[in-house]
Structure formats: structure tokens, C-alpha cells
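Please keep the sequence and the model in view while reading.

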Amino acid sequence: MSMLPPEALGALQGLLVALQSPDNNTRTQAEESLATEWLAQNPEMLLSGLAEQVKGHEDAKIRSFAAVLFRKIATKTINKDGAPCDLFSSLPSDVQLYVRGLMLQSFADEPTSNVRNKIGDATAELARQMFDTEGSWPELLGALFQASKSPDSSHREGAFRIFATTPNIIGKQHADAVRGAFTSGFQDEALTVRISAIEAFSAFFRSVPRDVQKQFWSLLPEILNVLPVLKSQQDSDNLSKILVALIDLADTAPLMFKSLFPQVVKFGISIVQDKDLSDTARQSALELLVTFADNAPNMCKKEPSYAREMVTQCLSLMTDIGADDDDAEEWNESDDLDVDESDMNHVAGEQCMDRLANKLGGDAVLEPTFSWLPRMLSSSAWRDRHAALMAISAISEGCRDQMIGELDKILEMVVPAVRDAHPRVRWAGCNALGQMSTDFAGDMQKKHHHIVMSSIIPVLESPEPRVQSHAAAALVNFCEEAEKEDLVPYLDDLLKRLLALLQSPKRYVQEQALSTIATIADSAEAAFGKYYDTLMPLLINVLTHSDQAKENRLLNAKAMECASLIALAVGKEKLGGDAFQLVNIFARIQQTATDADDPQGSYLLHCWGRMCRTMGDDFLPYLEGVMPPLLQLAGAKADVRLLDDDDQIQQYEQEDGWELVPAGGKYIGIKTSILDDKYLAIELLVTYAQQLEGAFEPYVRRVLTEIAIPGFDFFFNDAVRVASAKLVPQLLNSFKKRYGPQSPELLEIWRPAIEKILSVLGPQDADVAVDTLTEMYQCFYESVEVVGQNSLTPEYMAGFITKVETDLQRYRARVEARLKEAAKDEDDLEDSSELLYAIEDDQVLLSDMNKSFHIIFKNQGASFLPHWERLMPYYDTFISSTDPSQRQWALCIMDDMLEFCGRESYKYQEHFMKPIMVGLEDTMPANRQAAAYGVGMAAKNGGVVYAEFVAACIPKLFQVTQFPQAREDDHVFATENACASIAKILQFNNSRVVEPQMVVTNWVKTLPVVYDEMVAPYAYLFLVQLIEQKNPAVIQNINHVIVSVLEALDSQSITGRNAENVIGAMNALFISAGPQAQQILAQLPIDKQTLARKFFS
């Protein structure tokens, strides 16, 4: 009995027929009727009627179509009570109950398997909606368990299909029942049921907590038993389905495979080796095996065969390239360099090698790789040689520590390849040199520039355009990390050949040549001026007469990029009048580059920024034309769409510039290209505000209120949030330069800025990335520093402390979680590299918190102390922590308190005096440095109340200067701070110092101070005082004093007036010494005598 009136029922049945009509007009009219008459006016009747047709229509095609249409309509998003929700969930509860009952009954009664699958999909959607709205559907689980035991295999398969799409319907309380259902499914006589059961189990397993997952580990052997049968039958499609399910399990709980891991590796390798299976199946097996490296590297390292077998199979797959194109003619003739080869075997092999190297490291991967490479490089088959070179490219990042000491030998293997007879091998040789230039940046450029440059430069004249272009691209990698002095010897030959490439008939070669020239100019800087008169007129001519045809736009964009980077390299003076010619050309192009897909638009943004940096204030007349499109991009809103239709999802998956994020059974589409452009635009606003300072003032209010402040809340993209945070201090500085510090205009924009900054510290969302949060703290202290004295009200200071408390609580929670992780069995440990990154992120966060305290104490002084007191419990915990980073955090806060609050800090002395004394003996040099600095600040600014304390610290300060390796890189700042702090005690607070003359004599021996420019003046101005007093300690150690002063002057640790005072005192000392002065200087080493003649009269 239908709930629909007879006339409505007839209309709906007619509509279903019309919607499937081959006649376009009939179908269009039916779709309009569906939307306007049914969906808009009678959704309850529509979904009820469709469910009835699914249940009772005699035609299987109509039942199938009704089920598909039902699911599509039920998932449509509507607005209910101001919030989005699924259409079915918005229906009255009695209608929902009626429809769910019909769908369950339909699923049970449907005789046709493919129709039942459609009904199952629709039923699963209803279950998802019930789960999302925290509703209940107790009948469903019972019906599915019943169906999983049905004598009809298609019923059993259908039950597992629903489980797979809505695993959350299985509650913890049904663990035993579901275990039995899955076990039966894995052992089912019907292959389709076994596969559906495995896919359902994978989905279910991901949906339950880790502690529950372990209850199901024992089911793994039953799943694995399915694989040999499929392999023996060469059933690639079903084998791939099972492997994908196993990949999900390995990604979620790799250790469930631990007891069977050797067998899994052996079987997986056998699939990868089997060339009779499809590429999809072989690559799926490879993906399963490398997923273990991603998630359980220790388990993989312990399996003796794993790394060797994986490397061997990857290298084999990497030789599967260039089929039916042995001479590479087709490859070389192709102008499409961006062909998607992600599904190709050779790419799968390369990507796997990269992941293995990064996750297992060189100790595991290097030996098996290089056991093959010599044979492959000497092979007569070009594919072997190509694969060997691509393998070097793939592993160099992950194996950096092990390979960097062997670069000479590796280059001996790679360099001959750029002269190989086969063009694709030469291409791969260039690729390897380029990748190594990036992965071994610094060493490659400084130690091996001759062999690299002399090898790649001739390849620019290869007969094949593809090889020419890639050689030029490799030069980009090398040159962007090179020092200009290492490039200069090669510039003549290099630019001669790159200029020749600009005449290539292949546009992509011209484009790459321009990019390479631009990179060389950027690295060579002023040394590029020699080539300016040749290149810039050529570029200006090209841009003046540029062809704006679509196919030439990227070439024009590269020419603009090249011209602007050359301008930046040679500078304003060399550029001369060409600067104005260039910006006028850019302005003309900007007027025509209006298409959304025109690359000239984004390139222009960078070009304008470079011209601003080059021209300075001369750029101001052009700012009015530059800013409108820039402000439009920077202010762009996120393009976010909720996709609830399979056709929509498929469409957006195929479009460039979109990211799809699963959410509640649907997908959210985010247009990432807009986010990228927005980030770039804000970064350029930072450049303009930074370069133009006060002249940027006309734009500050708009940029601050419409772009920067809203940008903090742009949670779709952390890069936009970070760029916005970098922008705010520059905008404040612009107003400060224009109106002056503490001006009403500056304070007017300060209030909304500081309130927004405070709001993003200690965020409500505990999952905000730590590195992003760190940028927010940097924004805070840079902004406070710009606005200056008394910029923070008591309310702001209190609010800041509240936010810091929240972030410290979360920091401690992360530390505790890491300690728990470290206590696990080695195989259970998470990826060590990720752990190190997390620790480093937290260390940087603590550092930027400290910088914030420093700036507040500097600008607010003792008025900050009542607020800071709230953090005392954290301080007390951190100062005694076994974690040196936490001790450093606490010591640095004490340093700031002593420096900027002076005597008023003494009320907290019981919290820090003993820790500072202990800190002087800390094993971490940075902590000894911080403790020593604090003693010096207590001496200088603390007054008599600290006299006894600082005097008691003197022996320990001397110990710091005598620490092993005291003058080596890691320790020298602690040594120099201890030296300067003793000087501060002796100069400012010596009333309790015992035997001060002996201390002075010993102190002179702790010089020099040549690295720490902040404390060096205190040491040397005290030395000046001793010289003027004719203190015997100076005369007794005259050679050491002279050398120490010369080293400080030469290193410029003392400059300006301080240096003049020291030089004056030393000259006076030499005059008073008379002829003996020359004898003293003559005793110095030759290099010090040269310095003495330079600095002393």
C-alpha cells in the first residue's frame, strides 16, 4: 500500500520512465519536473515514493534506477535552521522510519544481484546519515548480520558492501558477532563475498580505536590466505582489490603484520616480479611493501631480505621505460614535458626508492643499491643505465649522510653518463647531477664545481632539445645554491651557450634557458653586470615586441622573470634608465594579461616586487597601478564547495587546482589555486611595506583591516595565515615611519592588530600546527617591538599570559606523549625523523615565546612582573627539568627579568639564584651561556642586593671559561659570556668580591671576546678602564691583551665608538711604554703585527 495518492504515484512512475528516455526533450522536461515539482515542493513524497518503487516495481531496471536516484537525492545538502544538512535527515522522523523500513526490506527481498547492490549503496547512505546525526537504526545491524549468513552469495556480498561504506554502524559491543561475520566472510566459498568481506574489514578496522583494533589482529591470516589463490589464477583485478585493502591495514596498524612479515615480504615480492600480472597489481604489491617502510621502518630494517629485495624490484621496474621507442625518437619529438606517467612502472619504482631511502636511511638502502649500480651503468642496455642514474637521483636525499663523504666516487659514476650515446641516458645523467646539487647543496658547489660545470655545460649543445633543456634545468639546481665566486669562472662559457639556446626552435628550450639565466643572475649578483649590456637590451626588445598568443605567454613570463632578476642582481645604478623602461613594459603587459589561466599574471606579481626592491622610492609612481590587482588577489575568499554528487566529484577530481577533502560521506572541494595566489599576493605586500616603509602608508589601513587581520582566520591554508602574520609588523612600521612612534595614528591601528594577534595565540583548536603557532608568536613580538614602550595595557599583558598558559599546557602534553612513545617497543615507535621534527618545532616555539617575553620586559619593564608571576609554576618545573630546552627557556626568562627589571626582580631570587649557579655547570653550552649572561645582568642592573650573589658566582664563571673545548663553536658563546659577566661584576658590583686584583689578573686571561657582539663591549670597555688605571694585570699580560684587542677589532665584535675608545687606550698604552712598545709588537706573530699596523698608530 503506497503512502502516495494514486495520481502522485502514477506521476512518479511516469517521471522515472521519462528520466531514462533517449529523447533529450523528454528527459529535460522530466529533470525540470523533478527539480521544481518534486524536490522543491514534495521531498517527503519523492523519497517515500522512490523507496516504494525500489521495493515493489516489477521492472528491475526501474528498481535499479529508483535506488540510484533515491541515493542521489537523499544526500543533497539543504539548509535547515541555519545549518547545512542532508535532505533525508531533514525529513520528519515518521517518514524516515517508513523509508528505512522499505529499504531494508527491499535489500532482503531483491532477487537481482546488481539491483541489490544499488539498494545496498542507498541503504548505506541512510546509515551514514543516521550515524552523523547520532541517531539509531538498530534493525540495520541485525539485518546485515542475517544477510551475511544468507544462502544467496549475492546477499552475503551485499551485506559486506554496506559494512564497507558505513563501518561505524558496528559498535564496540558487537565485537564478537562481527568477528564471526568477518571470519565467515573470509572463508566464504564465493570469491566475490571474500573480497567484499576483506574490503569491509579494512574500512571497519580504520574506524575503531587502536586498543580495539588489536582484538582483530588474529584475523589477518584468514585475509592473507585469499592471495595465493588469486595469484595462481592470474586474477589481477581481484588481487589488486585485496592488496588495496591490505595497504589500508598496513597504513593503520603495520605491526599487526609483524609475526607474518617475512612471508608477506616474500609473497609481495613474488607479485612485483610476476610480469604476467597487470601493472596495477604489481604496483599495488609494491605499494603495500613500501607502506611498511613508511609506518614501521624498524620492522623493515630487522627483516634481512626486505631492503635488498625491495631495491632489486624497484630497479627492475625502473628499467620498464620507453617501450616501442628504443631510439627515443618519439620521446625527443614530444613537446609535452608534463605527461602524466604516475601509473607507469618506472615512476612507481623511482618513487618507492625515494621513500625507502627517506624512511630506512642510507645504512639500509645504500649497500643493496650500489651492489647493482656498477653493473647497470656498464650494461649495454640503455634502460639499465637510465635506471641506475635515476636511482641515484631518488636516494640521494634520504642517504645524504652516507653519500656526502663519497661524492668523488659517485660523480665518477655519474659524469660519464652525460656523454652517453643514448639521449635518455644523458638526460638521466643531467637529472642526477641536478638532484645531487640540491641534496648535497654546499659540498657540490664548493668542492665539486669544476667537474659538475665542465660536464654539464657541453651538454647544452646536445642535438636533442629534451637533453638541452634538462641540462639547463640541472644548472638551475646547481647555481641557485652556488656562491658567486664559484660561478664567475664559468660565466662566459655558460652564458654563451645559454644565449644560443634562446634561438632554439623549441619553445620549452627557450623558456628553460631564460629560467637558467635568471637563476645565474640571482646567484652571481653584481658579477653579472659584465653581461648586462648583452642580455638586457635583448630581453627588453623581446618584451617590447612580445607576441601575446596563448602559446607564447609562458615564454614572455620567463623573459619578464629573467629581466627583473637581472635588474635585482646588478642594482639600481647599473640599471639606470632601463628600470623605467622595464616597469612601463610590465605595466603594458599587465593590461593585457587578464585571462585567469595566463601565467604572465602571477609572474608579474614577482617582477613588480623585484623592481620595487631594486628601485626603492623611484618605484612609488608605479605603485598605484600595481596595487589594485594585488589587493584583489590578496583579499580573495576561499572557493569551497560541498560536493554531494558523484558526477560533481568526478568532475572536480579531473580539474587542476582543486583539492577534495572527505567529510561525512561527502567531499569538500577547495580551489587551491586561489589559495596559492592569495599567499603570493600577501607575501608581496610584505615586500612593498618593508621596502617602502612610510611611503606605503596610504594602503596600510585597507590592507590591515581587509587582508591581514582576516588572514589570521584563513584556516583553509596555513601559508596564508603565516604570510598575514608577517605582514602586520610591516604595516605597523609603515605607520610608525610616516607618523612617528607613539603617534595617535599608530595607536589607532595598533588596537585591532594586537587584539587579533592575541586571539590566535593559545588557539581553541589544539591541532593547530606548532610551526604555524610559532609564527604567530613571532608576529606578536615583532609588532610589540615596532610600537614600542608601554604598547601593552594590563589587559593585553594578562591576555597574553593566559594564551601562553594554554600553549604551555599543550606543549607539556606533547612532551608526555613523546615520552610514552619512546617507552614503547622499538618496532612500535613512530618514525624517528618525524619525532625529531616535532621536537625541533617545539624548541622553536619555546624560543619564540622567550623572544616575546624579552620584548615585553624590554618595553614594559617591571609592570609585566605581576602578570608573569602566573607562569611561575611552569618556570619552577622547567628550570629543574631533565630536558635542556626547558631549562634554557627558564634561564632566558630570568635573564630578561634581571636585565629589564633590575632590583625589582630580587623578590623572585629564591626561584632563580640557585638554578643560575647550577646552570653555570650545565652540560648544554647554550644553558651555560644563558646562566652566565644572567649573572652579568644581575651585576650590572641589580644593585647592591645582588652583590653577594654575583661575587659567589665568580669561581663558577671562571670554570665556564676553562670548560673543555671552551673556544670551539658550540662552547665559545658560553665562554665569552662568562668573560663579559666577570667584567660586569668587577665594574658595576664588586663590593663583595674577594681579592679583586687577583680576579682582575685572572680575568684578563679569559679574553678575547670575538663572536658575541652583544657582550664584547662590556669586556673591552672594562679593559680600557684597566689600561687607563695602569692596572698591573695589563702590563703583566701585555702580549695577551694586545692579541685579544686585535682579534676583537679584526672580527668586528667591537665597532664604532667602542672600537675607537679601545684603540685610543691602546695607543696611549704604547706611548707610555716608549721604545719598549716596538719590542713588544715585534714579539707578536707576523699576522698580528700586520693587524697592529692596521689599527694602531
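This is a predicted model: local features need pLDDT of at least 70, side-chain atom pairs count only at pLDDT 80 or more; totals for chains, interfaces and linings use all residues.

Ser 64 touches Val 115 and Lys 118, not counting residues up to four places away in sequence. Ser 64 belongs to helix 4, which covers residues 60–74. With a relative accessibility of 14%, Ser 64 counts as buried, because the cut-off for buried is under 20%.

- Met 611 is located in helix 35, which runs over residues 599–615.
- The relative accessible area of Met 611 is 0%, so this residue is buried.
- Leaving aside residues up to four places away in sequence, Met 611 is in contact with Ser 564, Ala 567, Leu 575, Ala 579, Leu 582, Val 583, Phe 586, Gly 616 and Phe 619.
- Met 611 and Leu 568 are 43 residues apart along the chain, and their C-alpha atoms are separated by 7.1 Å.

**Helix 16**

- Helix 16 comprises 17 residues, numbered 279–295.
- From its first C-alpha to its last, helix 16 reaches 24 Å, close to the 24 Å expected at 1.5 Å a residue.
- Helix 16 is mostly covered, as 13 of its 17 residues are buried.

**Helix 18 with helix 20**

- The axes of helix 18 (residues 306–318) and helix 20 (residues 345–360) come within 7 Å and cross at roughly 150°.
- Helix 18 is therefore roughly antiparallel to helix 20, since angles over 145 degrees are classed in this way.
- The crossing of helix 18 and helix 20 is left-handed.
- Helix 18 contributes Tyr 306, Met 310, Val 311, Cys 314, Leu 315, Leu 317 and Met 318 to the contact, while helix 20 contributes Asn 345, His 346, Gly 349, Glu 350, Cys 352, Met 353, Leu 356 and Leu 360.
- Sorted by class, the contact of helix 18 with helix 20 has eleven nonpolar, three polar and one charged residues.

**Helix 39 with helix 40**

- Helix 39 (residues 697–711) packs with helix 40 (residues 718–739) at an angle of about 155°, and their axes are 9 Å apart.
- These two helices, helix 39 and helix 40, are therefore roughly antiparallel to each other.
- Helix 39 and helix 40 form a left-handed crossing.
- Among the residues that make this contact are Val 700, Leu 704 and Ile 707 of helix 39 and Leu 727, Val 728 and Leu 731 of helix 40.
- The residues of the contact of helix 39 with helix 40 divide into eleven nonpolar, three polar and four charged.

**Backbone features in loops**

- Most residues other than glycine have a negative phi, and most peptide bonds are trans.
- Asp 324 is not a glycine, although its phi is positive, at about 60°.
- Asp 324 lies in the loop between helix 18 and helix 19, and its relative accessibility of 80% means that it counts as exposed.
- Glu 525 also has a positive phi, near 55°.
- The position of Glu 525 is in the loop between helix 31 and helix 32, and at 38% relative accessibility Glu 525 counts as partly exposed.
- Leu 1007 and Pro 1008 are joined by a cis peptide bond, with omega about 10°.
- Pro 1008 is found in the loop between helix 52 and helix 53.

**The whole protein**

- The secondary structure comes to 58 helices and five strands.
- The C-alpha trace spans about 120 × 75 × 65 Å along its principal axes.
- Of the 1097 residues in the protein, 55% are buried.
- Among contacts with a separation of 6 or more, 74% are between residues 24 or more positions apart.

How values were computed:
Residues are numbered from 1 along each chain as its sequence is written. Side-chain values use heavy atoms; hydrogens and water are left out. Helices (H or I, at least four residues) and strands (E, at least two) are DSSP runs, numbered from the N terminus. Buried means under 20% relative accessible area, exposed over 50%, partly exposed in between (1.4 Å probe, protein chains only). Contact means heavy atoms within 4.5 Å. The expected span of a helix is 1.5 Å times one less than its number of residues. Axes are lines fitted to C-alpha atoms, for helices over the stretch in contact, and angles run from 0 to 180 degrees between N-to-C directions. Angles under 35 degrees count as roughly parallel, over 145 as roughly antiparallel, 65 to 115 as roughly perpendicular and the rest as oblique. A crossing is left-handed if the near helix is turned anticlockwise from the far one by less than a right angle, and right-handed if clockwise. Ala, Val, Leu, Ile, Met, Phe, Trp, Tyr, Cys and Pro count as nonpolar, Asp, Glu, Lys and Arg as charged, and the others, Gly among them, as polar.
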